[in-house]
Amino acid sequence: MNRAEVAAKNDPSSRLTMAADILAIVVALLQLITLPNQYSDLDIRDGTNILGNVFGGLTINPKAATRPDYAGTYSHTSLRPLASYVVRQKLQQQVKERLHASRADGGTHSRLVVLVGLGGAGKSQLALNYIQTHRKEYDAVFWVDVRQRESLERDYIQIYRLLSGNEQSATSLRVDMDQVTTAVKTWFERREGRWLFVYDNADSLDDESDPYFVDLQRYLPDAPGIEVVITTRSQTATGMTELEAIEVGKLAPVEAVEMFMRCAKLSDAAGAGREETALIVAELDYLALAVTLAGTYVAATPRIRANLAEYLPEYRRRRKVLLGRKAKQQIHAYGESVLSTWETSCATIAKQCPVAVRLLSFFAFLDPADIFLEMFRHMADPSTVGSAYAEEDWERFLSPEGPLEEVFDEALKAFSTYSLIQWKEEQAGYSMHKLVHAWGFDRLEVEEQARYSRGNLAFLKSITQVGQLDPVKKSWITPHISSSVARLREWHWGSRSRSGAAVPGKYESAETMNRRALEGCEKVLGKEHPDTLASVSNLALVLQYQGKYEAAETMNRRALEGCEKVLGKDHPDTLTSMSNLALVLQYQGKYEAAETMNRRALEGCEKVLGKEHSDTLTSVYCLAYLLHQKADFAAAVPLYERACLGYVVKLGPSHPTTVQCVSHMSSLKSLMSSGKSSNE
Ligand SMILES: Nc1ncnc2c1ncn2[C@@H]1O[C@H](COP(=O)(O)OP(=O)(O)OP(=O)(O)O)[C@@H](O)[C@H]1O
Ligand SMILES: [Mg+2]
């Protein structure tokens, strides 16, 4: 077994939490049962109209008349300031300036600032921190949850009760929401003062047929003393105000490092771990939620806390599992994982524009930094009509209902509306957050990944086939080819780890995909580019799965030679190539040559990575396994023992790799004790 195979085995798959579905059921159930308490103690429809005092007409509730000015804070949310909160100086300054500067202008309307950004970027926390800092400047602060109409109405009824002094009323009658809304909105009109409203989670503002749709504009109070902060994932909200929206995007690197260290409970006395932390937060692309979750995971995992360098390799192996973890509700009150956060937006988009979701998955195979529109100019001539695989007619695959060209803009608009991609004026294209990109891939089943991969490679091939690519275009396309090849690699490991072996019956398809990727790489990147060499290794592996060992050996030798020349003899990729070659030699019974390769790989790993590194342990395990097969039992045993011990310490005794290694060693030992040992 080679390094990659061992790594793949360590990657248990996980299912995404269907938070959106569950929420939809809960909402449907809520609609079936009678109105909750806070709805029932008010009646505004019959003669006893307690709103009278608000409008200055009938005064029925005497309490309300004695408390005309509410000065407090209302919030039903469980969000609370975090111990790990990191001040985002620049953004906080922007919120303050937008609200305060426009206040200085005078004017007769309320002032409204929109905080827009990806789910988990830190919008709500920013609003919360603004309140913490400036609470005393306001007569009252109201936090309204706009996630759905029901939560908004719940909060408006509560606010109405506070404003009207009707907090304790127990009259059990029904509510007319229109009147409550009007009452809350008009309450401020004739009053001097300064009030702050935060409308949190205003994400569903676009589609009236969406069950979570909220017509927010209808609810916003408008009076000179009112300041409004809206947090939203939707770009639609930015049109609700003349004030420029505040984009809550990536953390500044120094903020991200700070956040991680606090969550991981790493002290920074000697600056230890800062460098490694910087690498980790860069890999997480500075997304607040991801950084926090990674930090809390490290805090709870002593093995990694003691050696932070273990985090990134583990993250790369188990990205889907780690990004699918949720924070402990009581600490962060967020309750969503990085992955489930975006799944909700995706479900909404799917209803509006199914092509958008397919396009999002397709983009997950391209380079996320620069998805330039010119690339799609070739839409008119799909490359492989009549191919064995439908998805190779990639245009029709993405848009089976009609020409992609006609829905392309709508699809892009749909997910840029939800901040899942961002338009970059200067590059006339879109960019995608690295984690959204990863999620776009991880959310697909293995079989879907194969289909998208085929479609994507056909698409890239169609571009490279359009005449001679000039050097500029080549440089634009290169990152996309690299990204597509990297995805193909991930698919290999994913499909193997989930099924225990490569997906049966799919080898041919995989071979075609790999040959296509290799062709593209050779043409655009050249024969010795590291991505081309990676592609050669991938192809070797697929050939090996099919039992085409000789062809696999040739490919592995080519990859190894290339890596030695381009990357150097000690580069980790070169060492992996050696292990791959050793394995294919072993399968052919060329044990001597395989042993030489394995020993070279092990020596290299020990030298470059150290004796304890997990790749070194894999090399030890591979050599032990070879010697076992070669019936050189006496030499195999100490290597097995070393590998087992290392795995117990590194991965724990119940990890599948540890268990497998121990089982190989015990079967060898029992074979030896039964006297069948050949060379002792
Ligand atoms: N400034 C910060 N300091 C520390 N942690 C933060 C900060 N900002 C965000 N976080 C972490 O990221 C998580 C997500 O932040 P937040 O709830 O503000 O995201 P959001 O942008 O409002 O997402 P959504 O669109 O899903 O509501 C928080 O629960 C917290 O753990
Ligand atoms: Mg939020």
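Select Leu-420 to start. Beyond its neighbours within four places in sequence, Leu-420 is in contact (heavy atoms within 4.5 Å) with Leu-118, Trp-342, Ser-345, Ile-349, Leu-360, Phe-415, Met-432, Val-436 and Trp-439. The largest nonpolar core has 110 residues, and Phe-260, Tyr-311, Phe-415 and Leu-420 touch the most other members. Such a core is a set of buried Ala, Val, Leu, Ile, Met, Phe, Trp, Tyr and Cys residues joined through side-chain atoms within 4.5 Å. Buried means under 20% relative accessible area, exposed over 50%, and partly exposed in between (1.4 Å probe, protein chains only).

This is a predicted model: local features need pLDDT of at least 70, side-chain atom pairs count only at pLDDT 80 or more, and totals for chains, interfaces and linings use all residues. Residues are numbered from 1 along each chain as its sequence is written, chains are lettered from A and ligands numbered from 1 in the order in which they are written, and side-chain values use heavy atoms, with hydrogens and water left out.

**The whole chain**

Zoom out and show the cartoon. The chain holds 31 helices and 9 strands. Both are DSSP runs numbered from the N terminus: helices are H or I with at least four residues, strands are E with at least two. Of the 680 residues in the chain, 54% are buried. Among contacts with a separation of 6 or more, 74% join residues 24 or more positions apart.

**The parallel sheet**

Now colour the strands S1 to S6. They form an open sheet of 6 strands in the order S1-S3-S4-S5-S2-S6, with parallel pairing. Strand S1 (73-75) and S6 stand at the edges with a single partner strand each, so one side of each has no neighbour in the sheet. Two strands count as paired if DSSP finds at least two bridges between them.

Select S5 next. What is on either side of it? Strand S4 (residues 195-200) pairs with S5 in the parallel sense over 5 bridges. Strand S2 (residues 111-116) also runs parallel to S5, joined to it by 6 bridges.

Click Glu-227 in S5. Glu-227 is the bridge partner of Leu-196 and also of Arg-111. Then find Val-229 in S5, which stands opposite Val-198.

In S5, 7 of 7 residues are buried.

Move on to Thr-241. This residue is found in the loop between strand S5 (226-232) and strand S6 (246-247). Is Thr-241 buried or exposed? Thr-241 has a relative accessible area of 16%, so it is buried. A polar atom of its side chain lies 2.9 Å from the backbone nitrogen of Leu-243. Leaving aside neighbours within four places in sequence, Thr-241 is in contact with Leu-112 and Val-114.

**Aromatic rings**

Select Phe-197 and Tyr-199. Their ring centres are 5.8 Å apart and their planes at 10 degrees, so the pair is stacked. Phe-197 is buried, at 0% relative accessible area. Tyr-199 is buried too, also at 0%.

Now jump to Tyr-621 and Tyr-647. This pair is edge-to-face, 6.0 Å centre to centre with 75 degrees between the planes. Tyr-621 lies in helix H29 (residues 614-629) and Tyr-647 in helix H30 (residues 633-651), so the pair ties together parts that are 26 residues apart in sequence. Both Tyr-621 and Tyr-647 are buried.

Phe-142, Trp-187, Phe-188, Trp-195, Phe-197 and Tyr-199 form one aromatic cluster. The rule is NZ of Lys or CZ of Arg within 6 Å of the ring centre and within 35 degrees of the ring normal. Arg-218 likewise has its charged end over the ring of Tyr-219, 4.8 Å from the centre.

**The antiparallel sheet**

Finish at S7, S8 and S9. These 3 strands form an open sheet in the order S7-S9-S8, with antiparallel pairing. Strand S7 (371-372) and strand S8 (421-424) are at the edges, each with a single partner strand, so one side of each lacks a neighbour in the sheet. S7 and strand S9 (residues 429-432) run antiparallel, joined by 2 bridges. Last, select Phe-372, which stands opposite Gly-429 in S9.

Terms used
Polar contact = N/O pair within 3.5 Å; in protein donor to acceptor, adjacent residues only side chain to side chain. Phe/Tyr/Trp six-rings, centres within 6.5 Å; stacked < 30°, edge-to-face > 60°.
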